[in-house]
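Please open the model in your viewer and keep the selection panel at hand.

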Amino acid sequence: MPTTPPSTARLAVSTVIFALRADRAGGPPALWTPLVRRTREPQLGHWALPGGWLPPNEELETAAARTLRATTGLAPSYLEQLYTFGGVDRSPGERVVSVVYWALLPSDEAARATIGPNVRWVPADTLPDLAFDHAEIIAYALWRLRTKVEYSEIAHALLGRTFTLAELREVYEAVLRRPLDPANFRRTMLASGGLQETGEHRAGTPHRPPKLYRYDPAGTAPGAREPFRDAERTAS
């Protein structure tokens, strides 16, 4: 017998954060996301996305930033609205509609997150059991990221202000979950016009210090192919 839906709905905000982190087993970097442990019912003790209720006098993005900062210590400079999740049965006992934001953080900024018994980082592709429909929300965010990285310069948001070509390639490989041919990646990225040499090099490497680049959105050539397309074709 179908349940009678509640007569009112509550509005909440949640945030999905992705950052590139080194694999603990020594493998290539991967996308990780922070989770918080629920400290109240329903689903007490389950891991969930950072978030909370929306007060009547607070803007959506402001509430998302506030709850993220309060639970994880993270304060991204930019949050983008991802989607609104409002399934009737997504929360037991009451109707809850969640407006979800997301952000991409460079590794050094992600390292400043609060870590403790109620906050943990996990690989985004191998999640533990999560509260409510939060696993579906993260899966949707990953799908959006992997779709957008093919058509935009979104990968640069996971890097610092300057980066090497190898570091940029690691981002694409982590997001797309497949290896890219280094030579083709380098050639295509440089031909795109979207990178600018800084005149500096990455110090402390065992071999010849690699050049450092910065993202130059004004220089991206119209219709330039994304680097993974040629690279994947060669590697396959």
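Of its 236 residues, 42% count as buried. Among contacts between residues at least 6 apart in sequence, 64% join residues that are at least 24 apart.

Next, select Val-16, Phe-18, Leu-31, Leu-145, Leu-168 and Tyr-172, which have the most contacts inside the largest nonpolar core, a set of 38 residues. Then colour the elements that give two or more residues to this core, namely the strands E1 (9–21), E2 (30–37), E5 (80–85) and E6 (95–105), together with the helices H3 (134–148), H4 (165–176) and H5 (182–192). Helix H4 gives the most to this core, with 7 residues. Apart from this core lies another one, of 17 residues, and you can find it by selecting Val-13, Ala-63, Ala-64 and Ala-113, which are among its members.

Finally, colour the protein by pLDDT, which averages 88, with 88% of the residues scoring at least 70. Among the elements, strand E3 (residues 47–48) has the highest mean pLDDT, 98, whereas helix H6 (residues 227–235) has the lowest, 45. Select residues 228–236, where the pLDDT is below 50 and where the model has 20 contacts beyond near neighbours in sequence. Where pLDDT is low, the predicted coordinates should not be read in detail.

Terms used:
Residues are numbered from 1 along each chain as its sequence is written. This is a predicted model: local features need pLDDT of at least 70, side-chain atom pairs count only at pLDDT 80 or more; totals for chains, interfaces and linings use all residues. Side-chain values use heavy atoms; hydrogens and water are left out. A nonpolar core is a set of buried Ala, Val, Leu, Ile, Met, Phe, Trp, Tyr and Cys residues joined through side-chain atoms within 4.5 Å. Buried means under 20% relative accessible area, exposed over 50%, partly exposed in between (1.4 Å probe, protein chains only). Helices (H or I, at least four residues) and strands (E, at least two) are DSSP runs, numbered from the N terminus. Contact means heavy atoms within 4.5 Å. pLDDT is the predictor's confidence in each residue, from 0 to 100.
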